[in-house]
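Let's take a walk through this structure together, one stop at a time. Have a look at it first, and then read on.

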Amino acid sequence: IINRELPDRRVAMREWFDINLDPGTVIVNTDNHKTFNPFWGGIPYLHWVDWWLSNNIMEHPLDEWVQQRGMSYAALTKAELDDLESRADGQAYLAKMLHLRDFFAPGWRGPQTAFYRLWRMQTETDIHFGDAIHLIGYDQSSTTAQPGDTLTFRFYWQAVAAPTDNYSLFIHLTSLDDPTPLAQADGAPAVPERPTLSWNDPDETLISPPFTLTIPADLRPGEYRVRIG
């Protein structure tokens with residue numbers, strides 16, 4: 001018997017995807033085959049998302065899923081996840097992906113599902129801002145640039161504890177020994193719909209929108225530092 005008065009994990013996952021992630025094809029099994037299909041599932045959506053049905057994600061290496069088959073994400077049910085975690089090859093497979101969020105909470109209907117991106121960040125970090133905000137990694141378009149060029153950054157966050165205020169992020173280009181900004185970019189650390197006061201799940205990974213830092217056209221050649229805070 002299904003209690004249809006309970007909230008549905010599939011609806012919550014679809015709404016969360018729309019707010020937090022770039023569109024991309026999601027690998028699903030038969031338990032979630034309607035979650036991203038609005039014609040069958042009837043779940044409202046903001047952005048169209050393609051899906052691909054597979055009951056064994058390990059049927060292809062991750063590089064093949066991404067580079068040859070155009071996949072970006074995987075929605076793994078709890079049973080799939082438990083099976084992967086019980087085997088050495090499954091653990092190695094999971095370690096190459098980026099865990100984003102679990103939809104396991106009791107009191108909901110629909111399959112318990114863990115959501116992953118099929119690749120990790122470029123650079124992994126372990127940097128804490130206070131007692132709550134944890135920078136776990138970033139992507140950077142290049143480590144070298146010419147005057148007038150732009151550098152693009154994307155940041156990956158977790159909240160060890162719920163932040164007590166809404167914070168903004170700054171990015172400064174400085175000389176190696178002087179913190180005075182030579183160029184800067186500012187904005188919300190995650191998507192605008194997810195201010196830091198909403199970071200209430202310590203297991204969720206939040207991905208920032210891309211930040212663009214423009215190198216001054218008159219900057220002298222040399223080594224410089226990028227600082228964030």
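**A walk through the model**

Let's begin with a pair of charged side chains: Asp 201 and Arg 101 form a salt bridge, their closest N and O atoms being 3.9 Å apart. A salt bridge here is a side-chain nitrogen of Lys or Arg within 4 Å of a carboxyl oxygen of Asp or Glu. Asp 201 sits in the loop between β10 (178-187) and β11 (206-207), while Arg 101 is in strand β4 (residues 98-103), so this pair ties together parts that are 100 residues apart in sequence. Helices (H or I, at least four residues) and strands (E, at least two) are DSSP runs, numbered from the N terminus. Arg 101 is partly exposed, with a relative accessible area of 24%; buried means under 20%, exposed over 50%, and partly exposed in between (1.4 Å probe, protein chains only).

A word on what you're looking at: this is a predicted model, where local features need pLDDT of at least 70 and side-chain atom pairs count only at pLDDT 80 or more, while totals for chains, interfaces and linings use all residues. Residues are numbered from 1 along each chain as its sequence is written, and side-chain values use heavy atoms, with hydrogens and water left out.

Back to the charges. The structure holds 11 salt bridges in total. One of them joins Asp 22 to Arg 154, with 3.4 Å between the closest N and O atoms. This pair also links distant parts of the chain, 132 residues apart: Asp 22 is in the loop between α1 (9-20) and β1 (25-28), and Arg 154 is in strand β8 (residues 150-159). Asp 22 is partly exposed at 43% relative accessible area, whereas Arg 154 is buried at 19%. Glu 64 and Arg 69 form another salt bridge, the closest N and O atoms being 2.9 Å apart. Here Arg 69 is partly exposed, with a relative accessible area of 38%.

Now step back and take in the whole chain. The protein chain has five helices and 13 strands, and its C-alpha atoms fill a box of roughly 70 × 40 × 35 Å along the principal axes. Of its 229 residues, 42% are buried. Contact means heavy atoms within 4.5 Å, and among contacts between residues at least 6 apart in sequence, 65% join residues at least 24 apart.

What about the inside? In soluble globular proteins, nonpolar side chains tend to be buried together. The largest nonpolar core in this model has 20 residues, and those with the most contacts inside it are Phe 155, Trp 157, Leu 169, Ile 171, Leu 173, Trp 199 and Leu 213. β7 (133-140), β8, β9 (169-175), β10 and β12 (211-214) each supply at least two residues of this core, and β8 gives the largest share, five residues. Apart from this core lies another, of 19 residues, among them Met 13, Leu 21, Phe 36 and Ile 136. A nonpolar core is a set of buried Ala, Val, Leu, Ile, Met, Phe, Trp, Tyr and Cys residues joined through side-chain atoms within 4.5 Å.

Next, find Thr 196, in the loop between β10 and β11. Is Thr 196 buried or exposed? Thr 196 is buried, with a relative accessible area of 1%. A polar atom of its side chain lies 2.9 Å from the backbone nitrogen of Tyr 167. Leaving aside neighbours within four places in sequence, Thr 196 is in contact with Ile 133, Pro 163, Asp 165, Asn 166, Tyr 167 and Pro 189.

Phe 39, Trp 40, Tyr 45 and Trp 48 make a nonpolar surface patch of about 540 Å². Such patches are made of residues with over 30% relative accessible area and no salt bridge: like charges are joined within 9 Å, and nonpolar side chains (Val, Leu, Ile, Met, Phe, Trp, Tyr) within 5 Å. Areas come from the Shrake-Rupley method with a 1.4 Å probe, and for residues only the protein chains shown count as cover. Trp 40 belongs to helix α2 (residues 38-41) and is exposed at 60% relative accessible area. Tyr 45 is in the loop between α2 and β2 and is partly exposed at 38%. Not counting residues up to four places away in sequence, Tyr 45 touches Arg 14, Asp 18 and Pro 38.

Methods:
A polar contact is a pair of N or O atoms within 3.5 Å; within protein, one must be able to donate a hydrogen and the other to accept it, and residues adjacent in sequence count only if both atoms are side-chain atoms.
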